[in-house]
Amino acid sequence: MGESQQSVERAACPGTADRCPSAEETDLLQRWNALATGFRELTDELLAEAQREVGLPPSSLEVLCFLVASPDQAAPMRLLSQTLGFSTAGTTGVVDRLADAGLVERRPSGSDRRVTYAALTPPGRQTATTAAKVFADAVRRRVVEPLGEEGFASFARAFRTLGIADEPCAGPAGSH
């Protein structure tokens, strides 16, 4: 590397050049940031499409779509927080709003009094089913069709390999 290139690198990164990320590391981080940003933006677009159709905010749609695909169409509040990336207070707020709308109810755990479940009500099941169909259709059009079934399956396997996603449930939702 020429003297002028080293000067540019040092000027761009305070301190010594050995403390700066290499060009390879910078490229890796830029590609990762593009992937993460793209995934967030795509998710936001998919949720916005469902929001236009169903009329609920994205956070509510995420909860409803998660619950409709969960065993017994219910899940512990803590699992909702962890899976959807909401804070405990954020999850409580979303579930409160959905409960006020009559779409979910809180149920105590039969085995652990510290655990509270969010569960779909009958009207919640209808709304969640509609939301899930709209969201699934958007995923199919925006993700599965461009990638192809095998490309989408490969994408999902990659996330499972990294320990980011669980294996899909066996059988249709609610059959557990």
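## Q73 and the loop around it

At a relative accessible area of 18%, Q73 counts as buried, where buried means under 20% relative accessible area, exposed over 50% and partly exposed in between, with a 1.4 Å probe and protein chains only. Q73 sits in the loop between helix 3 and strand 1, and its phi is near 50°, a positive value in a residue other than glycine. D72 lies in the loop between helix 3 and strand 1 and is not a glycine, yet has a positive phi of about 60°; D72 is exposed, with a relative accessible area of 61%.

The model is predicted, so that local features need pLDDT of at least 70 and side-chain atom pairs count only at pLDDT 80 or more, while totals for chains, interfaces and linings use all residues. Residues are numbered from 1 along each chain as its sequence is written, and side-chain values use heavy atoms, with hydrogens and water left out.

## Strand pairing

Helices (H or I, at least four residues) and strands (E, at least two) are DSSP runs numbered from the N terminus, and two strands pair if DSSP finds at least two bridges between them. Strand 3 (residues 116-120) runs antiparallel to strand 1 (residues 74-76), to which 3 bridges join it, and P76 stands opposite Y117 in strand 3. Strand 2 (residues 104-108) is also antiparallel to strand 3, with 5 bridges between them, and here P108 stands opposite T116.

## Nonpolar cores

A nonpolar core is a set of buried Ala, Val, Leu, Ile, Met, Phe, Trp, Tyr and Cys residues joined through side-chain atoms within 4.5 Å. The largest one has 24 residues, and those with the most contacts inside it are V63, L64, L67, L80, L98, V104 and L120. At least two residues of this core come from each of helix 2 (23-54), helix 3 (58-68), helix 4 (77-84), helix 5 (88-100), strand 3 and helix 6 (122-161), and helix 3 gives the most, with 6 residues.

Leaving aside neighbours within four places in sequence, L120 is in contact (heavy atoms within 4.5 Å) with residues including L64, L67, Q73, V104 and A128.

## A residue of helix 2

F39 is found in helix 2, and F39 is partly exposed, with a relative accessible area of 42%.
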